[in-house]
Amino acid sequence: MLEGDLGLEGLPPKEAPAAEAAGAVDGEGAPPGGPREPAAAMRVHEKYSTLPAEDRSVHIINICAIEDIGYLPSEGTLLNSLSVDPDAESKYGLYFRDGKRRVDYILVYHHKRPSGSRTLARRAQPQDGGAPGARSVKQDHPLPGGAGPVGAEPPLDFQEDAKRFRREEYESNLLEAGLELERDEDTKIHGVGFVKIHAPWNVLCREAEFLKLKMPTKKMYHMSETRGLLKTISSVVQKITDPIQPKVAEHRPQAMKRLSYTFSREKQHLFDLSDKDSFFDSKTRSSIVYEILKRTTCTKAKYSMGKGEGRKEDSALLSKRRKCGKCGITSLLANGVYSAAYPLHDGDYAGENVEFNDRKLLYEEWASYRVFYKYQPIDLVRKYFGEKIGLYFAWLGAYTQMLIPASIVGVIVFLYGCATVDQNIPSLEMCDQSLNITMCPLCDRTCSYWKMSSACATARASHLFDNPATVFFSVFMALWAATFMEHWKRKQMRLNYRWDLTGFEEEEFPSQDHPRAEYEARVLEKSLRKESKHKEQHRPVPEELPNRWQQRVKAAMAGVKLTDKVKLTWRDRFPAYFTNLVSIIFMIAVTFAIVLGVIIYRISTAAALAMNSSPSVRSNIRVTVTATAVIINLVVIILLDEVYGCIARWLTTIEVPKTEKSFEERLTFKAFLLKFVNSYTPIFYVAFFKGRFVGRPGDYVYIFSSFRMEECAPGGCLMELCIQLSIIMLGKQLIQNNLFEIGIPKMKKFIRYLKLRRQSPSDREEYVKRKQRYEVDYNLEPFAGLTPEYMEMIIQFGFVTLFVASFPLAPLFALLNNVIEIRLDAKKFITELRRPVAVRAKDIGIWYNILRGVGKLAVIINAFVISFTSDFIPRLVYLYMYSQNGTMHGFINHTLSSFNVSDFQNGTAPNDPLDLGYEVQICRYKDYREPPWSEHKYDVSKDFWAVLAARLAFVIVFQNLVMFMSDFVDWVIPDIPKDISQQIHKEKVLMVELFMREEQGKQQLLNTWMEKERPREEACNNHQPRACSDGGGSPAPGPRGLHSGAL
């Protein structure tokens, strides 16, 4: 125990040695022949022992016996020992109780203890200067509550004992790995214990060399600066943007940079080790400890199973041990041996008298809505959270920054539509009541004939988004997407250079190769099945079976590498692959079925509203149906997003990927596929299917023989597509992304507040007391990965690029959302989540490939939207082929076909044919068909084929032209900036010079030493022993000197 621990600190000087001699401190310092009475009083719980008595180093001691032999200090001594607040000395959990060793990692576990008693369990490390191989101390001190006999034990729980055994063995292995541990079970959270982990300097150096971490050396060099006009422009831009730069030292431009080199213990003299405490920052220390936790095993535990337990117990025990495998902490967390494992935050981020730390700085300069207009302190984010999270926020910042020009151009396109709406001849013709165009009914029987001029508002609104500038904007956004990808690659390369990741390869990083716990469990199960099958084929004498089975259990527990030559093949994974395929197809079919249900709702609702007696209701049928259907789609999309996320994780889990990287990539692909289909299927329906397969009056297409397919408005489906896209995009951003992320944490805080109010006053005071840092962090939400954060941004990127031809304001709304999203995510990482383990990464992984795929798909979709959904191509065809005066006059009449109402099928004609006040003989509908007086009445006309050919030609030309321009942009812009490539080359040259200078220095020292030694050797050879001794060393031994002299 440490000197500050309760029970030994306050002992009188004469009694403290006696306590140590009695074995209160693990028995290591006690003499073999201690006093019999204390030894008898100190009763050790043999049932909790995991090792034989001669190897036991962990004892559970009943502290009741200390009071019997006079070890318990008096009340005055106890008060004196508590006069100095140990929590303040340890900075409230950031350090061990000695106040010197920093807590690098926390393991949390649940334990059971009797009600009405307190448990104080500590694990201490030897002080500096102690024995290097000394074991830690672990003591469980049940303090009696005044009832029951002395030494009363809680009821035994086999599962809890098994978890405790595995924790003890795992922690002893951590000690052997060089880590230092300290246990704390006397916490304000009932039934929860904490193990604090500290990595000493020698362990950090060893692991840094093993992980190939690049660390800054003493060598500093000037970074190349721009000259001439570029330098002037750069300085002007820097002065202009200075007010929006964060007030963070790491964000300021640096003229000097330290040369970085892979850490090596043999070359420690190259590194600046003047302050060893800050050489490895907290992010690096926690990642090093996490690597040790992952590779430290717990497969050598020896279970004491008592008498009468046979093969069934052995088999059950083996099944419990399977998940332990070779991957340490991951399997222990999966099995519930530990409930959580996380590094600590640097301290509090708000409050009075809060010590300044990186977390507080990030909260003030990054996670606050007051600084929404400022750049992000990306370097400080990387320093605190690691490269992987730093790259996410850097990518989000670059994406948001690139949305600014896209938003400006989109607003200009929208304003152009507003400015030219009064000069748009087709919409003016639709609003002209003098033309007296009578349209055919929109549904059977209940719908009547209607005037085209009633759709005037829809036609005028359609022009805002369906105008010639839309085509330009589609081309611009395709080039914007290509430019954004190139801009991000260059920015990513700059960050790799600044963060010393230029030579980093993930394949060389050991954490990427750690097998997952589930994979190891499956491999072990397969190996055991193979071994069992092999033994059944070569069955030995029956009497030897139990012994062989026990040997097999012990071999598996002792860490015998049964899985070295066993791997999971495609045959093992075929059931999971088949389940994945069937499940994904089923989920996609569910999405299509829901869209079909919404279509039926639209059709039936439109028919029902058409029977309403109110003229205002009947005049707004299309808007009402569209708005309500889109809201239903939005609710379904939000609900299915959550369901599909869980299903994607389950499907990935049953595949049993080997590594975490493989697991994350497969999960990302499945989740993106399902959520992409879920989010865009309703939009695809409106864009490419609605109004395409409706038939014609007298020969309509029906769903289930009763529901007539929907038609587009006379102005086309583009306006409805715009409404669908805007509501779904804004709804997802406001509800799913922002409201959920803001509301759910607030709701959890409110629930905790209500629970606190219901507690008794004493419990409330205990809760309000300042907690240890690890207790506060334990109450935070665990970090669930970056997949949800990337996913919502990729889906938004699809809204911005895929259907931008129908909604030019999409980049603007995405920009406004992302300005809030950056600060919202930052606040969540700083205040709501436990600190994640820092992970090194040099790119954003599979998300970059998904972005490229979405960008390529956007070109194709926009080409089809412009050619088939909008009226851009029919207008061009009419203007250059059919217009008599070179204007758009007569375009509306050209796009409408005629129908004789006498050709209606039985039961489909309007119930009230005189609703307009006159009898209708000919009604019009939007299509290219022959008139009823033609020889081939109602057949598609030549105009239809001319327009279709023009549409297909436009798709081919547009797609190839834009693809070529995108590839040209990709080719013109280099992936690596020229100045960065020069700096990388300069670093290599400086590193070579540094090592050459070091070798030259060594050679000079060697030559100097040899020159000094040469006269002494010559004197020795000339039989002058005095000269040999004057050389600074003792004379050579007699036989050797005689032999040399003889030579």
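Colleague: Which cysteine is joined to C443 by a disulfide?

Modeller: C443 is joined to C447, with an S to S distance of 1.6 Å. A disulfide here is a pair of cysteine sulfur atoms within 2.5 Å. Before we go on: this is a predicted model, so local features need pLDDT of at least 70 and side-chain atom pairs count only at pLDDT 80 or more, while totals for chains, interfaces and linings use all residues. Residues are numbered from 1 along each chain as its sequence is written, and side-chain values use heavy atoms, with hydrogens and water left out.

Colleague: Thanks. What is the handedness of the C443 and C447 link?

Modeller: The torsion about the S-S bond of C443 and C447 is about 90 degrees, so this disulfide is right-handed.

Colleague: And is C443 buried or exposed?

Modeller: C443 counts as buried, at 11% relative accessibility, and C447 is buried with a relative accessible area of 9%. For the cut-offs, buried means under 20% relative accessible area, exposed means over 50%, and partly exposed is in between (1.4 Å probe, protein chains only).

Colleague: How many disulfides does a search of the whole structure find?

Modeller: The search finds 3 disulfides. One of them joins C440 to C923, at 1.9 Å from S to S. That pair links distant parts of the chain, 483 residues apart: C440 is in the loop between β9 (438-439) and β10 (450-451), and C923 is in strand β16 (residues 922-926). Helices (H or I, at least four residues) and strands (E, at least two) are DSSP runs, numbered from the N terminus.

Colleague: What about the torsion for C440 and C923?

Modeller: About 85 degrees around the S-S bond, so the C440 and C923 disulfide is right-handed. Both C440 and C923 are buried.

Colleague: Which cysteine does C431 pair with?

Modeller: C431 is joined to C456, with 1.8 Å from S to S. The link of C431 and C456 is right-handed, with 95 degrees about the S-S bond. C431 lies in helix α16 (residues 425-431) and C456 in helix α17 (residues 456-465), so the pair ties together parts that are 25 residues apart in sequence. C431 is partly exposed, with a relative accessible area of 22%.

Colleague: New topic: R167. Where does R167 lie?

Modeller: R167 lies in helix α6 (residues 158-176). R167 is buried yet has no salt bridge, and the nearest side chain of opposite charge, E171, is 5.1 Å away. A salt bridge is a side-chain nitrogen of Lys or Arg within 4 Å of a carboxyl oxygen of Asp or Glu. On charges, Lys and Arg count as positive and Asp and Glu as negative, while His and the chain ends are not counted.

Colleague: What is R167 in contact with, then, leaving aside its neighbours within four places in sequence?

Modeller: With those neighbours set aside, R167 is in contact with Y109, H110, V337 and Y338. Contact means heavy atoms within 4.5 Å.

Colleague: And helix α14, how many of its residues are buried?

Modeller: 7 of the 8 residues in α14 (residues 378-385) are buried, among them D379 and R382. The buried residues of α14 pack against α10 (282-295), α13 (358-365), α15 (387-420), α18 (468-498) and α29 (810-832). After α14 comes G386, whose phi is positive, near 105 degrees.

Colleague: Which residue other than glycine has a positive phi near 60 degrees?

Modeller: That's D500, with phi near 60 degrees, found in the loop between α18 and α19 (517-537). D500 is buried, with a relative accessible area of 17%. V656 is not a glycine either, and has a positive phi of about 55 degrees. V656 lies in the loop between α23 (621-655) and α24 (660-689) and counts as buried at 4% relative accessibility. For context, most residues other than glycine have a negative phi.

Colleague: Last one: how many helices and strands does the protein chain have?

Modeller: The protein chain has 36 helices and 16 strands, and buried residues make up 48% of its 1047 residues.
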